[in-house]
Amino acid sequence: MSDRNKPKTEAWANVEKDPEDWVSGDDPTTPAQASYLKTLAEQADDPDAYADGLSKAEASKRIDALREKLGL
């Protein structure tokens, strides 16, 4: 099988990085992150989980924690 026909699994082997290691982790939360975080915070009845002005990395950590809390 040529390289062209091989599944590209190697590229995805290490796609999950710690948000602290993200090059753009200090950038402001994206609108999609903010929306999802707000939705999860409401579902988890945890309004303090959502806050304006979070970084991408902090929003990601909070999203992960809420997903775990909600069993998602």
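Is Asp 45 buried or exposed? At 68% relative accessibility, Asp 45 counts as exposed, because the threshold for that class is over 50%. Asp 45 sits in the loop between α1 and α2. Its phi is near 50°, which is a positive value in a residue other than glycine. These values, like the others below, were computed from a predicted model.

**Overall make-up**

The protein has 2 helices and 0 strands. Of its 72 residues, 21% are buried. The accessible surface comes to about 5,700 Å², and carbon and sulfur atoms account for 48% of that surface. Among contacts with a separation of 6 or more, 65% are between residues 24 or more positions apart.

**Helix α2**

Helix α2 covers residues 56–70, which is 15 residues. From its first C-alpha to its last it reaches 21 Å, close to the 21 Å expected at 1.5 Å a residue. The buried residues of α2 are Lys 56, Ala 57, Ala 59, Ser 60, Ile 63 and Leu 66. An α-helix has 3.6 residues a turn, so residues three or four places apart point the same way. The cover over the buried residues of α2 includes α1, residues 31–43. After α2 comes Gly 71, with a positive phi near 75°.

**The nonpolar core**

The largest nonpolar core has 9 residues: Leu 37, Leu 40, Ala 41, Ala 44, Ala 49, Leu 54, Ala 59, Ile 63 and Leu 66. The elements that give two or more residues to this core are α1 and α2. In soluble globular proteins, nonpolar side chains tend to be buried together. Ala 44, a member of the core, touches Leu 66, Lys 69 and Leu 70 when residues up to four places away in sequence are not counted.

**Residue pairs apart in sequence**

| Pair | Apart in sequence | C-alpha to C-alpha |
|---|---|---|
| Asp 27 and Leu 54 | 27 residues | 8.6 Å |
| Arg 67 and Ala 41 | 26 residues | 9.5 Å |
| Lys 69 and Ala 44 | 25 residues | 7.4 Å |
| Thr 39 and Tyr 50 | 11 residues | 9.0 Å |

Asp 27 belongs to the segment before α1. Its relative accessibility is 34%, so Asp 27 counts as partly exposed. Leaving out residues up to four places away in sequence, Asp 27 touches Leu 54, Ser 55 and Lys 56. Leu 54 is one of the core residues, and Lys 56 is one of the buried residues of α2.

Arg 67 and Lys 69 can be taken together. Arg 67 lies in helix α2, and Lys 69 also lies in helix α2. Arg 67 has a relative accessible area of 30% and is therefore partly exposed. Lys 69 has a relative accessible area of 52% and is therefore exposed. With neighbours within four places in sequence set aside, Arg 67 is in contact with Tyr 36, Leu 40 and Leu 72. Leu 40 is part of the nonpolar core. Not counting residues up to four places away in sequence, Lys 69 touches Ala 44 and Asp 46. Ala 44, in turn, is a core residue.

Thr 39 lies in helix α1. It is partly exposed, because its relative accessible area is 34%.

**Rings and charges**

Which residue lies over the face of Tyr 50? Lys 38 does, at 5.6 Å from the ring centre. For such a placement the NZ atom of a Lys has to be within 6 Å of the ring centre and within 35 degrees of the ring normal. A pair of aromatic rings is described by the distance of the centres and the angle of the planes. A search of the whole structure for aromatic pairs finds 0.

Notes:
Residues numbered from 1 in each chain as written. Predicted model: local features only at pLDDT ≥ 70, side-chain atom pairs only at ≥ 80, totals over all residues. Heavy atoms only, no water. Phe/Tyr/Trp six-rings, centres within 6.5 Å; stacked < 30°, edge-to-face > 60°. Helix = DSSP H or I, 4+ residues; strand = E, 2+ residues; numbered from the N terminus. Expected span 1.5 Å × (residues − 1). Buried < 20%, exposed > 50% of the residue type's maximum accessible area, 1.4 Å probe, protein only. Contact = heavy atoms within 4.5 Å. Areas by Shrake-Rupley, 256 points an atom, 1.4 Å probe, with all protein chains shown as cover. Core = buried A, V, L, I, M, F, W, Y, C linked by side-chain atoms within 4.5 Å.
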